[in-house]
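Biologist: Could you take me closely through one part of this model, the parallel sheet and what packs around it? I would like the terms defined as you go.

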Amino acid sequence: MAGAAAYSAFSYLAPSGGVRAFALGRIATGYASRVVLHAAALRRVGAARLGFYDRAAAEPGTHGTWSGAALDRVMADADTTGMALIQATAPVTVAAAMTAGGCLVIMLTGYPLAAVVLAVTAGACAALAILNARRSDDGSHSRSALRAELVTAVDAWTEMASLGAADRLAHRTMWRLHAFEDRRYHSAVRTARALGGARAVAALALLLTVVAVAGRSADVVTLVFLTLLIAGVLGSAERLVAAAESSTRSKQADQRLASLERYETRPPERAPNPLVTYDRRGLTVSNYVLPDTSTHNARTIEFSVTAGQTLVINGASGSGKTTLLSAITVALQRPAGSPGPGGVTAVLADDYLFTGTVADNIRLANPAATDSDVTDLLAGMLLDRGGLDPGTRIGVEGRDLSGGEQRRLHIARALATRPDLLLVDEPTSGLDTETANWVLAEIRRRLPHAVLVLAMHEPPADPEAVGTAWSTVSLDQPREAERRTRQGTERA
């Protein structure tokens with residue numbers, strides 16, 4: 001604008017140099033303020049986390065009883081508290097300072113009415129921000145619930161797919177996800193309306209001040225100066241909407257951090273501690289207490305399996321098959337080099353396939369396995385029919401394989417160790433009946449003298465698949481009252 005006149009005697013050099021110096025000064029000041037604010041916020045986050053855990057450790061009643069969701073909530077609350085310095089404190093301080101300074105400058109310039117309009121408008125923006133923040137809800141619980149739902153869905157996917165209920169699981173998960181997104185949408189709409197209202201008030205105030213100043217026959221320089229000053233002040237006032245929301249979230253986080261009871265702590269779920277003894281002759285499990293549930297009474301599980309025999313632990317989903325198998329596995333773990341029988345291998349529900357090739361995963365169990373050995377194992381599990389060979393890459397966590405292929409590769413890796421005791425959770429998950437029978441028969445063929453413990457929903461469709469010497473332990477036992485009712489009905 002300075003050089004708008006074609007033949008102006010105005011010097012281009014000095015104004016452009018001054019404008020550049022001012023721009024560079026703003027950039028340097030903004031960078032320095034961000035460095036200082038982020039460093040201070042990081043210190044606050046660290047202090048909030050450490051202070052909370054110090055208090056938690058000082059209370060024996062809660063120390064060591066935190067769930068993963070509660071710990072995650074603590075970390076998020078500490079982050080919210082620390083970042084409030086940048087997201088709430090700094091914008092409010094800047095808006096207050098600019099409003100006070102702007103009103104003072106405008107009054108000294110000789111336009112007190114414009115100063116009053118500016119002060120009232122800034123106050124109106126602050127009121128809108130506070131009202132919007134009070135209407136906002138804390139979404140931490142809904143986020144935690146959704147996170148827990150997604151983790152549960154991932155863990156239960158294989159089992160639900162084997163039961164043909166994957167569609168229902170997906171429908172329930174998507175319903176919760178849509179409900180969460182709907183809440184986020186309404187919250188965003190509410191914030192947008194508050195921000196729109198603040199901008200409308202600011203625009204009206206800017207128009208009134210321009211009209212008021214122009215009405216007093218102010219020169220162009222004064223009019224432009226006051227307009228830019230008021231626009232800058234009202235721009236900072238608009239940021240109060242987001243700052244008020246951040247301040248509200250920070251206060252809620254502070255309240256939770258100030259009290260251990262506000263977090264849903266619970267004792268960690270520990271598998272019952274059974275008495276497990278194993279030698280080359282067999283496996284004995286006693287004193288395993290199956291907890292009382294809505295489907296069965298509490299009872300003690302005991303069994304023995306000798307070498308060459310197979311035990312099938314069957315029961316519906318949630319009956320405790322995986323927990324029992326995990327408890328046996330934990331009881332049989334020994335430090336490396338400790339005395340006692342070896343050759344124990346378990347294929348549990350959460351077994352992991354590592355990124356790489358099929359041979360890489362097999363050699364994790366048996367480093368001496370050759371490509372020929374790996375090929376033989378793949379053929380035994382019918383994986384060669386799907387085109388798998390020792391050099392086949394399986395992707396991250398085995399994602400390039402189907403669920404049934406992953407399970408058979410888990411079993412093939414276990415067979416590579418030629419164990420004397422093999423425990424397998426859901427060996428036929430994701431397999432059709434014919435393939436399932438083949439896999440069970442192949443396990444017994446390769447380990448004719450081993451103790452086999454298999455956790456399955458139902459006994460094998462072909463009893464001879466696991467050999468002639470096999471027995472079952474059912475975890476499905478109706479509650480006593482229901483059993484008596486059925487007996488009475490049968491008598492009648």
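Modeller: The sheet is open and consists of 5 strands in the order S5-S6-S7-S4-S8, with parallel pairing; strands here are DSSP runs of E with at least two residues, helices are runs of H or I with at least four, and both are numbered from the N terminus, while two strands count as paired if DSSP finds at least two bridges between them. At its edges lie strand S5 (344-347) and strand S8 (470-474), each of which pairs on one side only. Neighbouring strands of this sheet are turned against each other by 15° on average, direction ignored, where axes are lines fitted to C-alpha atoms, for helices over the stretch in contact, and angles run from 0 to 180 degrees between N-to-C directions.

This is a predicted model, in which local features need pLDDT of at least 70 and side-chain atom pairs count only at pLDDT 80 or more, whereas totals for chains, interfaces and linings use all residues. Residues are numbered from 1 along each chain as its sequence is written, and side-chain values use heavy atoms, with hydrogens and water left out.

Within the sheet, strand S6 (residues 421-425) and strand S7 (residues 451-456) run parallel and are joined by 5 bridges; Asp425 of S6 stands opposite Ala455 in S7. Helix H8 (residues 321-332) lies across strand S4 (310-314), S5, S6 and S7, and runs at about 150° to S6, contact meaning heavy atoms within 4.5 Å.

H11 is mostly covered, with 11 of its 13 residues buried, that is, under 20% relative accessible area, against over 50% for exposed and in between for partly exposed (1.4 Å probe, protein chains only). Among the buried residues are Gly404, Leu409, Ile411 and Leu415, and also Glu405, Arg407 and Arg413. The buried residues of H11 pack against S5 and S6 of the sheet, as well as helix H9 (358-365), helix H10 (371-380) and helix H12 (433-446).
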